[in-house]
Amino acid sequence: MTRPANLSDWAGLLALTAMWGSAFMLNEFALSAMPPAMVVAGRVSIAALVLFVLMTAGGVRMPAFGRAWIPMGVMAIFGTALPFQLIAWAQLHIDSAQAGVLMAVMPLFMLTLAHFFVPGSRLTGYRITGFVLGFAGVCIVIGPP
């Protein structure tokens with residue numbers, strides 16, 4: 001059951017949007033001084049350090065090294081390191097604004113694909129409205145050719 005969004009939800013969404021959107025600009029700055037692999041290694045290392053501190057503070061422990069690490073390693077490579085590497089490489093050829101706009105379209109496609117492939121993720125009136133508003137926002141950011 002869902003609940004209405006409160007002020008802290010909106011503040012969190014705004015913070016997430018600012019962090020996600022600024023990543024492309026920060027990538028562009030970093031790529032002017034170092035190769036994509038170093039930028040990605042730095043981003044992933046900082047994130048790992050932050051997660052380690054948060055996990056330690058919260059009393060969460062990693063599983064012992066072994067079979068449980070295999071799926072985590074696969075997710076780390078295909079869900080984080082490889083996409084970050086490809087985005088950083090792409091930003092050598094396009095500017096940060098274009099990279100951000102291109103990445104903004106991805107959730108819109110996922111919403112549509114989820115309708116067909118994820119049980120319980122049917123397109124409702126609210127989701128269609130969100131899709132239309134999101135797509136319109138991306139079109140406004142792109143602007144006329």
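Helices here are DSSP runs of H or I with at least four residues, strands are E runs of at least two, and both are numbered from the N terminus. This is a predicted model, where local features need pLDDT of at least 70, side-chain atom pairs count only at pLDDT 80 or more, and totals for chains, interfaces and linings use all residues. Residues are numbered from 1 along each chain as its sequence is written, and side-chain values use heavy atoms, leaving out hydrogens and water.

Start with helix H5, residues 106-117, and pick out Phe109 in it.

Next, select Arg43, Val44, Ala47, Thr80 and Phe84, which lie nearest the centre of the largest pocket, lined by 26 residues. A pocket is an open set of 1 Å grid points where a 1.4 Å probe fits, with protein on both sides within 12 Å along at least five of seven lines; lining residues have an atom within 4 Å of a point. Colour H1 (7-31), H2 (36-57) and H3 (69-90), as each supplies at least two lining residues. H3 gives the largest share, 10 residues.

Last stop: the second largest pocket, whose lining includes Trp20, Phe24, Gly100 and Val138. H1, H4 (96-104) and H6 (125-142) each give two or more residues to that lining.
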